[in-house]
Amino acid sequence: MKRRLELASSVLEYRFTFRVRWEPFLIHPHCPKEGIPVEGPVGGDLTNPRVQHLKETGKSLGIDFNFTCPVYPYTVPAHVLVEFAKEHEGGSKENEISDKLFRAYFTKGRPLEMRHLLKIAEDVGFDVAQVRQWLEDPAREEKIKAKAASWRKQGIQAIPFLLVNGQPSCSGAQEKETLMETITKAAAKFPLEESPV
């Protein structure tokens, strides 16, 4: 949805001011810190229609889904990094950080360990020592877990899931046109005065 959302917002930017915020959601909320080993062939089961569809869709959007990571990573620290980006430099690098995390996992097959997260932080110009302090702070991990759990309690059970102006709007990997329609309707129904969509 990320790339299609970017396409939709680029078309609608003459009407709305966008600020994309990323919220934590844990697909495997009880994942151990070492991750969960992936069963099946490296690179994904190409006989699976869902895998084929995802790879083909990604290719059409310029995204190379390789599925070469040997584990489903423990993603809480990655969410802490996104929160760091959200709270520093006016949140201007939050989307860039999220993009680099997606590419590190889905394209490069990296398990999002500390060294990978620090490299991403360095690449966008953050103070690596400060980022490390955040990543090593257990309280920040617990905050992420609590926030992710709160989304489940609100009925969100899968991702991607889009909220517009703080209101639940749609789930799943929607087409650009669907996202444009959803954003337009939600902005009219739930307007924010001088606030981003």
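Trainee: Okay, so what is the handedness of the crossing of α3 and α4?
Mentor: The crossing of α3 and α4 is right-handed, and please keep in mind throughout that we are looking at a predicted model.
Trainee: And which residues make that contact?
Mentor: From α3 the contact takes Ala78, Leu81, Val82, Ala85 and Lys86, while α4 brings Glu94, Ile97, Ser98 and Leu101. Sorted by class, the residues of this contact are six nonpolar, one polar and two charged.
Trainee: At what angle do α3 and α4 pack?
Mentor: Helix α3, residues 76-87, and helix α4, residues 94-107, pack at an angle of about 160°, and their axes are 8 Å apart. Angles over 145 degrees count as roughly antiparallel, and therefore α3 and α4 are roughly antiparallel to each other.
Trainee: What about α3 and α5, at what angle do they cross?
Mentor: The axes of α3 and helix α5, which covers residues 114-123, cross at roughly 20° and come within 10 Å. Angles under 35 degrees count as roughly parallel, so α3 is roughly parallel to α5.
Trainee: Is that crossing left-handed or right-handed?
Mentor: It is a right-handed crossing where α3 passes α5. The contact there is formed by Pro77, Ala78 and Leu81 of α3 together with Leu117, Ile120 and Ala121 of α5, and by class these are six nonpolar residues, with no polar and no charged ones.
Trainee: Switching topic, how many cavities of 30 Å³ or more are there?
Mentor: The count comes to one cavity of 30 Å³ or more, and the largest cavity holds about 50 Å³ of space.
Trainee: Which residues line the largest cavity?
Mentor: Its lining consists of Val80, Glu83, Glu87, Trp134, Arg140, Lys143 and Ile144.
Trainee: Now the pockets: what volume does the second largest pocket have?
Mentor: The second largest pocket has a volume of about 230 Å³, and of the 14 residues that line it, Lys33, Tyr74, Pro77, Leu112 and Glu113 are the closest to its centre.
Trainee: How do the residues of that pocket's lining divide?
Mentor: The lining of the second largest pocket divides into nine nonpolar, one polar and four charged residues.

Conventions. Residues are numbered from 1 along each chain as its sequence is written. This is a predicted model: local features need pLDDT of at least 70, side-chain atom pairs count only at pLDDT 80 or more; totals for chains, interfaces and linings use all residues. Side-chain values use heavy atoms; hydrogens and water are left out. Axes are lines fitted to C-alpha atoms, for helices over the stretch in contact, and angles run from 0 to 180 degrees between N-to-C directions. Helices (H or I, at least four residues) and strands (E, at least two) are DSSP runs, numbered from the N terminus. Angles under 35 degrees count as roughly parallel, over 145 as roughly antiparallel, 65 to 115 as roughly perpendicular and the rest as oblique. A crossing is left-handed if the near helix is turned anticlockwise from the far one by less than a right angle, and right-handed if clockwise. Contact means heavy atoms within 4.5 Å. Ala, Val, Leu, Ile, Met, Phe, Trp, Tyr, Cys and Pro count as nonpolar, Asp, Glu, Lys and Arg as charged, and the others, Gly among them, as polar. On a 1 Å grid over the protein atoms alone, a cavity is a set of points where a 1.4 Å probe fits but cannot get out, and a pocket is an open set with protein on both sides within 12 Å along at least five of seven lines; lining residues have an atom within 4 Å of a point. Grid points are joined across faces, edges and corners, and a volume is the space filled by probe spheres set on the points.
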